[in-house]
Amino acid sequence: MFRKVLVANRGEIAVRVIRALKELNIPSVAIYSEADKDSLHIKIADEAYCVGPVSTSQSYLNIPSIMSVAEVSGADAVHPGYGFLAENAYFAEVCESSGVKFIGPSSEIITLMGDKARAREMMIQAGIPVVPGFNHDPEDLDKTREKAEKLGYPLLIKAAAGGGGKGMRIVHNSRELERAIETARSEAKAAFGNAEVYLEKYLEEPRHIEFQILADEHGNIVHLGERDCSIQRRHQKILEEAPSPALTEELREKMGATAIKVARTANYLNVGTVEFLLDNQNNFYFIEMNTRIQVEHPVTEMITGVDLIKEQIRIAAGEELSIKQEDIKINGVALECRINAEDPERKFMPCPGKIQNFILPGGPGVRVDSGVYSDYVIPPYYDSMLAKLIVWEEDREKALLRMERALSEFIIKGVKTTIPFHLKILNNAYFRRGDYNTNFINRRLKTED
Ligand code: ADP
């Protein structure tokens with residue numbers, strides 16, 4: 001096992017990882033930017049080092065600075081969390097060559113899955129269903145036009161290096177195509193440093209269903225069931241649940257087996273997520289694999305009893321998985337609401353500032369993963385997520401009541417939050433019936449945009 005682990009992140013995920021390290025009896029090293037000197041993750045870590053000024057490129061993305069902290073502190077492993085360097089193959093490579101274990105897959109796997117167009121090709125070769133589509137060759141727009149016509153509109157342009165719902169553009173007809181490709185390419189270049197794009201058939205009203213994978217160095221791969229992440233705003237998840245109300249046991253088995261096949265095809269290692277879109281005919285299509293822990297991992301933990309962060313650490317230390325597929329039992333229902341410091345009545349504008357009062361909900365089946373506290377000043381430079389509120393109950397009906405109860409108990413004063421918006425979702429009759437897809441917010445809820 002590791003001597004000491006550096007947590008290369010901030011906010012709730014840094015807190016979550018440090019908690020797992022403490023329970024494994026492994027000393028933790030936190031890093032922070034100058035804007036984060038009062039952050040909770042620093043207070044609970046065994047050691048903490050400032051890695052640079054507020055700008056993320058000079059702090060949380062500053063590889064030389066982070067590697068010096070690893071060296072000075074004597075950390076022999078790094079946990080990247082999600083975001084920042086979690087899917088940065090170069091960082092994983094630097095760790096590998098410095099003898100510091102990167103807690104995640106190898107840099108090769110990160111590179112492969114980070115190129116969504118290439119990952120797609122690989123899965124087609126392996127016989128995995130993918131959304132029909134093709135790569136755009138910037139030298140041959142006519143070919144793209146021809147293929148687009150054949151596939152039929154609407155189409156979705158996606159950045160090969162994309163992520164976080166960014167760099168996507170819907171094209172409704174051939175007149176829009178050329179302009180949309182140009183804009184998507186320049187957006188992709190600006191956001192990801194890579195202009196490459198591909199096109200997919202735009203599925204009408206799919207569900208976003210993702211499977212949690214665990215893979216060790218000894219060739220064992222299991223899945224821990226699915227999460228339904230269809231409640232999205234601008235392609236970004238805001239509420240997740242597990243298991244999905246849309247899956248039968250038979251479909252779960254089929255999709256789970258496909259998710260394992262995806263992981264085997266990629267020679268996958270450590271914790272990962274295979275994302276699918278599911279249409280209303282129960283056809284499912286691979287869209288991408290995420291090579292890191294996901295924001296929404298707690299819902300899987302609640303229904304399986306598996307601590308995914310501890311598993312990541314054990315796998316990285318070379319241990320064999322202690323669970324077999326047949327031992328994994330889905331128990332009850334879990335929901336997660338992402339509580340952001342945003343004003344739902346003003347286009348979800350971020351609301352940084354001082355939290356005057358922060359009182360957590362509690363009681364049976366309630367979990368809060370957060371990196372903030374009363375009197376904490378939310379810096380305006382990073383993401384706006386304050387907390388993840390997770391509940392568990394034995395069935396969906398009861399879980400919904402418990403979430404409603406926990407949301408209404410949660411007191412956050414001083415900044416606007418998305419709590420009222422979550423209550424609106426929970427009170428929607430379609431949502432309560434489990435009848436929803438990725439268009440739910442546009443179609444069933446009135447929002448400002
Ligand atoms: P990212 O990596 O940026 O999150 P994904 O490929 O995972 O991008 O897609 C994010 C979301 O965008 C999906 O959950 C879904 O809501 C929507 N989406 C992606 N591909 C399609 C598609 N072909 N048709 C319809 N919606 C899609």
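This is a predicted model: local features need pLDDT of at least 70, side-chain atom pairs count only at pLDDT 80 or more; totals for chains, interfaces and linings use all residues.
Arg 433 and Asp 435 form a salt bridge, in which the closest N and O atoms are 3.9 Å apart. Arg 433 has a relative accessibility of 55% and therefore counts as exposed. Side chains of opposite charge can pair when their charged atoms come close.

Proceed now to Glu 226, in strand β11 (residues 221-233), and to Arg 252, in helix α9 (residues 249-265). The two residues form a salt bridge whose closest N and O atoms are 2.8 Å apart. This pair links distant parts of the chain, 26 residues apart. Both Glu 226 and Arg 252 are buried.

Then select Glu 200 and Arg 120. Their salt bridge has its closest N and O atoms 3.6 Å apart. The pair joins strand β9 (residues 197-201), which holds Glu 200, to helix α6 (residues 116-125), which holds Arg 120, across 80 residues of the chain. Glu 200 and Arg 120 are buried.

For a network of salt bridges, select Arg 16, Glu 23, Glu 301, Asp 307, Lys 310, Arg 367 and Asp 369 together. The count of salt bridges in the model comes to 35.

The last stop is Asn 340, in strand β15 (residues 333-340). With 12% relative accessibility, Asn 340 counts as buried. Among the residues that Asn 340 touches are Ser 384, Met 385 and Thr 417. The C-alpha atoms of Asn 340 and Asn 439 are separated by 20 Å.

Key: Residues are numbered from 1 along each chain as its sequence is written. Side-chain values use heavy atoms; hydrogens and water are left out. Helices (H or I, at least four residues) and strands (E, at least two) are DSSP runs, numbered from the N terminus. Buried means under 20% relative accessible area, exposed over 50%, partly exposed in between (1.4 Å probe, protein chains only). Contact means heavy atoms within 4.5 Å. A salt bridge is a side-chain nitrogen of Lys or Arg within 4 Å of a carboxyl oxygen of Asp or Glu. Lists of a residue's contacts leave out its neighbours within four places in sequence.
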